[in-house]
Amino acid sequence: MCGIVGYIGMQAASEILLAGLEKLEYRGYDSAGIATVGEGEIHCVRAKGKLQNLRSKLEGIENPSQIGIGHTRWATHGKPEEYNAHPHMDVAQRVAVVQNGIVENFRELRLELQQKGHEFKSDTDTEVIPHLIAEHLAHPESAAPATLASSPFLEAVRQAVNHLEGAFAIAVINADYPDELIVARQQAPLSIGFGQGEFFCASDTPALIPHTRAVLTMENGELAKLTPLGVEIYSFAGDRIKKSPRTLTWNPIVVEKQGFKHFMLKEIYEQPGVVRGCLEAYTESTWDASHDTPPVNLGLDESFYENLDRVQILACGTSWHAGLIGKYLLEQLAGIPTMVQYASEFRYAPAPVTANTLTIGVTQSGETADTLAALAMEKERRKSLKPEYQPRLLGITNRPESSLGYLVPNIIDTHAGIEIGVAATKTFVAQVMAFYALALDVAYRRQMLTLERIQEILGGLRQLPGQIELVLESQERYIEELAHEFGDTQDFIFLGRGINFPIALEGALKLKEISYIHAEGYPAGEMKHGPIALLDAKVPVVAIAMAGSVYDKVLSNAQEAKARDARLIGVTPMDDKEAAETFDDLLPVPVVDEILSPLLSVIPLQLLAYHIAARRGLDVDQPRNLAKSVTVE
Ligand code: F6R
């Protein structure tokens with residue numbers, strides 16, 4: 001979703017801004033723009049479409065300005081046209097603003113400002129902000145607090161943001177204050193990067209790490225003044241806040257393609273390493289049933305596990321699918337009743353409050369507005385209740401530095417690192433790994449599994465990196481070839497049962513997201529209750545038939561599809577004669593304990609989606625209309 005960058009220092013700003021926006025491209029956008037201050041004027045250039053269009057417009061323009069802001073826009077209010085692209089300016093073109101989020105009360109503000117003579121040029125909610133700031137600069141509504149008396153521009157921004165409702169992050173420059181870059185955050189991410197005599201801001205850290213690892217994540221209700229001399233942070237009430245940056249341990253190399261054609265493919269190939277990383281982080285490599293120490297250490301306080309009766313998991317999209325596998329594991333291994341709810345549904349129709357309940361938010365970005373709002377709502381509605389109803393919140397994410405990290409007191413870091421491809425792959429596998437660790441941890445503490453069974457499952461998990469590598473090595477070429485056969489296909493059905501039902505959903509979601517082919521996932525046993533009507537020779541059916549309790553059932557369901565002429569593709573155990581006789585195309589994976597099978601069955605489905613989309617020549621890493629981080633409702 002939208003991206004913000006800002007720079008103030010001693011270098012020419014525009015190239016730094018463009019390079020920063022390129023690092024945020026992965027989030028999804030449909031137009032872009034930058035504004036700089038030079039010779040007492042704001043120089044603003046915007047373009048519809050890809051960043052290359054903006055680059056072309058800027059080519060040949062000498063711009064030595066050392067302060068500027070930039071934006072990639074993902075349309076919410078108003079079409080993706082140049083006139084709606086950010087930065088937006090006030091009437092006199094002295095103030096320029098970029099914004100992420102949504103100003104919910106923009107209609108009222110716009111009307112008020114129009115009555116005061118402000119003319120608007122876009123359909124966006126953002127445009128009210130520069131007008132509002134200009135209005136507060138010209139007519140401050142009250143005397144500035146002592147802390148801000150010497151900073152009229154900062155004070156005007158402070159007064160303006162206090163009138164904004166919604167979730168937003170902004171960066172603002174002013175032609176009359178060429179040494180000040182003002183930023184503010186209210187429920188949309190924004191970080192400040194500290195360099196030597198130069199400072200950066202960005203809505204996501206990949207835009208900062210090429211310049212600095214010293215990063216300060218702003219919190220809700222904070223604004224900051226960046227000058228070449230330093231950074232001052234204030235609350236929206238005007239109180240000065242003392243804060244220091246922390247050092248990111250990231251390596252800039254993680255945001256490069258490293259020879260892969262797309263980030264998505266690179267991230268699919270990173271999955272064996274992700275599983276290894278999770279095992280190293282959560283488990284003791286020498287643990288076996290003879291040990292009297294816990295098999296898993298998630299770094300959570302002992303009190304976290306006390307009197308745990310229920311779990312509710314809140315998430316969206318692929319993270320919701322990881323949550324469904326989490327439910328299976330928590331119920332089947334640890335015996336804890338668990339429900340999984342779409343965060344966007346839960347926030348307006350929450351389940352009744354139950355005692356001793358752990359609420360888990362799962363999100364790869366750590367910034368999904370619906371997930372954060374659902375967790376905040378849960379925290380709020382429980383806080384005045386009796387002790388057993390008090391909020392117990394846990395976040396599962398690969399971005400512990402995100403807004404999620406500030407909202408919940410406990411985080412399981414999935415150690416997947418940043419994911420650039422919009423379609424989630426390695427972060428999904430890492431979220432599922434976190435659920436294995438949590439379920440085994442709780443099962444051990446509640447004595448729901450024998451130590452021998454825990455040892456068996458852990459042993460199986462340790463085999464997985466090698467087995468995923470084997471699937472990648474043995475399948476990719478074949479799947480690439482297979483993808484050629486679906487050039488004209490318009491619909492796909494994915495079937496799975498038990499712990500692999502969420503993988504059917506995930507396979508379908510991956511395919512529709514990046515190839516734009518209509519795809520649905522169903523529990524295999526449900527097909528005969530309706531979806532079977534869709535089947536004919538034009539609708540391929542992908543069935544996940546892993547060895548275990550539902551293997552025969554899935555094969556029977558697949559036969560029902562075959563009888564309707566559907567082309568049958570099976571994700572099956574390797575060297576399985578029955579499967580070879582049933583399916584037209586085989587995507588075999590090593591035979592593993594059924595409980596571990598989703599981590600293998602998902603791999604060929606990721607590759608299938610990837611190759612079908614790549615074969616169609618589509619923008620795999622930045623599919624249309626999608627965003628990596630969905631920061632609006
Ligand atoms: C799927 C995908 C989306 C996200 C969803 C939630 O490939 O990327 O469906 O899973 O938008 O995002 P997070 O996990 O960031 O909360």
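How many nonpolar, polar and charged residues does the shell around the ligand have? By class, this shell has six nonpolar, seven polar and two charged residues. Here Ala, Val, Leu, Ile, Met, Phe, Trp, Tyr, Cys and Pro count as nonpolar, Asp, Glu, Lys and Arg as charged, and the others, Gly among them, as polar.

## Basis of the model

This is a predicted model, in which local features need pLDDT of at least 70 and side-chain atom pairs count only at pLDDT 80 or more, whereas totals for chains, interfaces and linings use all residues. Residues are numbered from 1 along each chain as its sequence is written, and side-chain values use heavy atoms, with hydrogens and water left out.

## Ligand site

The ligand is surrounded by 15 residues, a residue being counted if one of its heavy atoms lies within 4 Å. The closest are Ser319, Gln364, Ser365, Thr368 and Glu513. Helix H8 (317-332) and helix H14 (501-515) each supply at least two residues of this shell; helices (H or I, at least four residues) and strands (E, at least two) are DSSP runs, numbered from the N terminus.

A polar side-chain atom of threonine 363 lies 2.7 Å from a ligand oxygen. For glutamine 364, a backbone N or O atom lies 2.7 Å from an oxygen atom of the ligand, and a polar backbone atom of valine 422 is 3.2 Å from a ligand oxygen. The protein covers 92% of the 400 Å² of accessible area that the ligand has on its own, areas being computed by the Shrake-Rupley method with a 1.4 Å probe; for residues, only the protein chains shown count as cover.

Helix H1 (residues 13-24) has 12 residues, and the distance from its first C-alpha to its last is 17 Å, close to the 16 Å expected at 1.5 Å a residue. The expected span is 1.5 Å times one less than the number of residues. Its buried residues are Ala13, Ser14, Ile16, Leu17, Leu18, Gly20, Leu21 and Leu24, where buried means under 20% relative accessible area, exposed over 50%, and partly exposed in between (1.4 Å probe, protein chains only). An α-helix has 3.6 residues a turn, so residues three or four places apart point the same way. The buried residues of H1 pack against strands E1 (3-8), E2 (31-38), E4 (67-73) and E10 (199-202), and against helix H2 (51-58).

Helix H4 (residues 128-138) is largely enclosed by the rest of the structure, because nine of its 11 residues are buried. These are Val128, Ile129, Pro130, His131, Leu132, Ile133, Ala134, Glu135 and His136. They pack against E5, strand E6 (95-103), helix H3 (106-115), helix H5 (152-161) and strand E7 (166-174).

## Buried serines in loops

Serine 402 lies in the loop between strand E19 (393-397) and helix H11 (403-407) and, at 4% relative accessibility, counts as buried. Apart from residues up to four places away in sequence, serine 402 touches Ser365, Gly366 and Glu367, contact meaning heavy atoms within 4.5 Å. A polar atom of its side chain lies 2.6 Å from the backbone oxygen of arginine 399. Ser365 is also among the residues closest to the ligand.

Serine 597 occupies the loop between strand E25 (585-589) and helix H17 (598-615). Serine 597 is buried, with a relative accessible area of 1%. Beyond its neighbours within four places in sequence, serine 597 is in contact with Ile499, Asn500, Met546 and Val592.

## Lysine 48

Lysine 48, in strand E3 (residues 41-48), is partly exposed at 42% relative accessible area. Leaving aside neighbours within four places in sequence, its contacts are Asp30, Ser31, Asn53, Pro80, Glu81 and Glu82. With glutamate 81, the side chain of lysine 48 forms a side-chain polar contact of 3.4 Å.

## Backbone geometry

Most residues other than glycine have a negative phi, and most peptide bonds are trans. The peptide bond from histidine 86 to proline 87 is cis, with omega near 0 degrees, and proline 87 is found in the loop between E4 and strand E5 (88-89).

Glutamine 187, in the loop between strand E8 (181-186) and strand E9 (191-194), has a positive phi near 60 degrees. Aspartate 565 has a positive phi of about 70 degrees; this residue lies in the loop between helix H15 (551-562) and strand E24 (568-573) and is exposed, with a relative accessible area of 56%.

Technical notes. A polar contact is a pair of N or O atoms within 3.5 Å; within protein, one must be able to donate a hydrogen and the other to accept it, and residues adjacent in sequence count only if both atoms are side-chain atoms.
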